[in-house]
Amino acid sequence: MKILLAHNYYLQSGGEDTVFESDRSLLRSMGQNVAEYIENNERIASMSQLSVATGTVWSSQSYKRVWTRYCPVL
């Protein structure tokens, strides 16, 4: 089984980052095959407010990245 962990690093690190890193370490220590999809909020500074708002609900860009990299070709 392959496990995909998806995480978004915010501009200020916090508890979510710690939990993500702990979960990843635990899963790998148990012999699990872990893949990671990581985003970072630094890019929102160059985006319009409308793009940020719509991307919060659904990001077709992130969807395409995940699908292309992690999903098998049908």
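Modeller: A salt bridge here is a side-chain nitrogen of Lys or Arg within 4 Å of a carboxyl oxygen of Asp or Glu. This is a predicted model, where local features need pLDDT of at least 70 and side-chain atom pairs count only at pLDDT 80 or more, while totals for chains, interfaces and linings use all residues. Residues are numbered from 1 along each chain as its sequence is written, and side-chain values use heavy atoms, with hydrogens and water left out.

Colleague: OK, how many salt bridges does the structure hold?

Modeller: The structure holds four salt bridges. One of them joins the side chains of Glu36 and Arg24, with an N to O distance of 3.2 Å. That pair links distant parts of the chain, since Glu36 is in strand S2 (residues 33-40) and Arg24 is in helix H1, twelve residues apart. Helices (H or I, at least four residues) and strands (E, at least two) are DSSP runs, numbered from the N terminus.

Colleague: Is Arg24 buried or exposed?

Modeller: Arg24 is buried, because its relative accessible area is 18%, and buried means under 20%, exposed over 50% and partly exposed in between, with a 1.4 Å probe and protein chains only.

Colleague: And which residues does Glu39 pair with?

Modeller: Glu39 meets Arg43 in a salt bridge at 3.3 Å, N to O, and Glu39 also forms a salt bridge with Arg65, where the closest N and O atoms are 2.7 Å apart. Glu39 lies in strand S2 and Arg65 in helix H3, so this second pair ties together parts that are 26 residues apart in sequence. Elsewhere, salt bridges that share partners join Arg24, Arg28 and Glu36 into one network.

Colleague: How accessible are Glu39, Arg43 and Arg65?

Modeller: Glu39 counts as buried because its relative accessibility is 13%, whereas Arg43, at 32%, counts as partly exposed, and Arg65, at 36%, counts as partly exposed too.

Colleague: What else is Glu39 in contact with?

Modeller: Leaving aside its neighbours within four places in sequence, Glu39 is in contact with His7, Asn8, Tyr9, Ser62 and Arg65, where contact means heavy atoms within 4.5 Å.

Colleague: Switching to Asp17, where does it lie, and how far away is the nearest side chain of opposite charge?

Modeller: Asp17 lies in helix H1, which covers residues 15-29. Asp17 is buried yet has no salt bridge, and the nearest side chain of opposite charge, Arg24, is 9.7 Å away. For that search Lys and Arg count as positive and Asp and Glu as negative, while His and the chain ends are not counted.

Colleague: So what does Asp17 touch?

Modeller: Asp17 touches His7, Asn8 and Tyr9, not counting residues up to four places away in sequence.

Colleague: Now the core. Which residues make up the largest one?

Modeller: The largest nonpolar core is made up of five residues, namely Ile3, Leu5, Tyr9, Phe20 and Val34. Strand S1 (residues 2-9) gives the most to this core, with three residues. A nonpolar core is a set of buried Ala, Val, Leu, Ile, Met, Phe, Trp, Tyr and Cys residues joined through side-chain atoms within 4.5 Å.

Colleague: What does Ile3 touch?

Modeller: Not counting residues up to four places away in sequence, Ile3 touches Leu27, Gln32, Asn33, Val34 and Ala35. Between Ile3 and Glu39 the C-alpha to C-alpha distance is 17 Å, and the two are 36 residues apart in sequence.

Colleague: Last one, what does Tyr70 touch?

Modeller: Tyr70, which lies in helix H3, touches Leu4, Ala35, Glu36 and Tyr37, not counting residues up to four places away in sequence. Tyr70 is partly exposed, with a relative accessible area of 22%.
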